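Please find below a colleague's note on the structure under review.

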Amino acid sequence: MAKKAEQRRKQILKAAFQAASEKGYESVTLQDIADYADVSKGVTNYYFKNKGDVFANLFEWLTTRIYEKEAASIEEKGSAAEKLEAYLNQVFISPAENKTFYRVYLDFLSQIKNEDRYREINQIFYENCWSIGENIITQGIEEDVFQVENIKQAAKSIRAMIDGSLIQWLMRDDDALHDYYHKMCQESIHHILNFKK
């Protein structure tokens, strides 16, 4: 029974993600979410208190999933340089996936002023992302390929470069520029880390 409930919750969250990516956070109603999930509004209300609850759970699920994929991408890699490359390849996964995620993510960020829960979820997401960066940087220093004085600051700079690059790419609305921003981001991060190739 618990497994079926979890599957139904995930079905509703995926529907909310699709609805938000197509219609925008402000426009989506609980009825829209139910329609996208192909369930009744009553079913949605059974699993979630209201629209805010659906989206808070969606935001947490989304950011956790993104972090888990990014963390998994470096597990099989040996050197810090390989891990950094795998991490960036996972972040710049594809124009379609990056566009869908960042459109919804930016919608969430615009709601943070009204929702403390969103702020907390986003803080956990960033702390997780920074930890990936810190682990890669620490290994790179041990391997003598990175020269970094402040590991925590460099890890934050890496994530700022990633999100800034992808948001700027998104604003330019040209899928063909995805590789350009990936390469630019990679080169900028190499500079931050004083990467000895």
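**Salt bridges, charge and fold**

1. Asp-144 is partly exposed, with a relative accessible area of 48%; the classes used here are buried for under 20% relative accessible area, exposed for over 50% and partly exposed in between (1.4 Å probe, protein chains only). Its partner in a salt bridge is Lys-196, with the closest N and O atoms 3.2 Å apart. Lys-196 lies in the segment after α9 (178-192) and Asp-144 in the loop between α7 and α8 (151-172), so the pair ties together parts that are 52 residues apart in sequence. Lys-196 is partly exposed as well, at 34%. A salt bridge here is a side-chain nitrogen of Lys or Arg within 4 Å of a carboxyl oxygen of Asp or Glu.

2. On provenance, this is a predicted model, in which local features need pLDDT of at least 70 and side-chain atom pairs count only at pLDDT 80 or more, while totals for chains, interfaces and linings use all residues. Residues are numbered from 1 along each chain as its sequence is written, and side-chain values use heavy atoms, with hydrogens and water left out.

3. The protein chain contains nine helices and zero strands, where helices (H or I, at least four residues) and strands (E, at least two) are DSSP runs numbered from the N terminus. The C-alpha trace spans about 60 × 40 × 30 Å along its principal axes. Of the 197 residues, 44% count as buried. Among contacts with a separation of 6 or more, 68% come from residues 24 or more positions apart; contact means heavy atoms within 4.5 Å.

4. The structure holds eight salt bridges. One of them joins the side chains of Arg-117 and Asp-53 (3.2 Å, N to O). Arg-117 belongs to helix α7 and Asp-53 to helix α4, so this pair ties together parts that are 64 residues apart in sequence. Asp-53 is buried at 10% relative accessible area, whereas Arg-117 is partly exposed at 34%.

5. Lys-23 and Asp-32 also meet in a salt bridge through their side chains (3.3 Å, N to O). In this pair, Lys-23 counts as partly exposed at 37% relative accessibility, and Asp-32 counts as buried at 13%. Elsewhere, Glu-70, Arg-159 and Asp-163 are linked in a network of salt bridges.

6. Which residues gather in the patch of positive charge on the surface? They are Lys-10, Lys-14, Arg-65 and Lys-69. The elements that give two or more residues to this patch are α1 (2-23) and α4 (51-75). Patches are made of residues with over 30% relative accessible area and no salt bridge, like charges being joined within 9 Å and nonpolar side chains (Val, Leu, Ile, Met, Phe, Trp, Tyr) within 5 Å. Lys-14, in helix α1, is partly exposed with a relative accessible area of 47%.

7. Two residues are noted for their surroundings. Ile-112 has its place in the loop between α6 (95-110) and α7 (116-142) and is buried at 15% relative accessible area. Leaving aside its neighbours within four places in sequence, Ile-112 is in contact with Tyr-118, Arg-119 and Asn-122.

Technical notes: Accessible areas come from the Shrake-Rupley method with a 1.4 Å probe; for residues, only the protein chains shown count as cover. Lys and Arg count as positive and Asp and Glu as negative; His and the chain ends are not counted. The place of a charge is taken as NZ of Lys, CZ of Arg, CG of Asp or CD of Glu.
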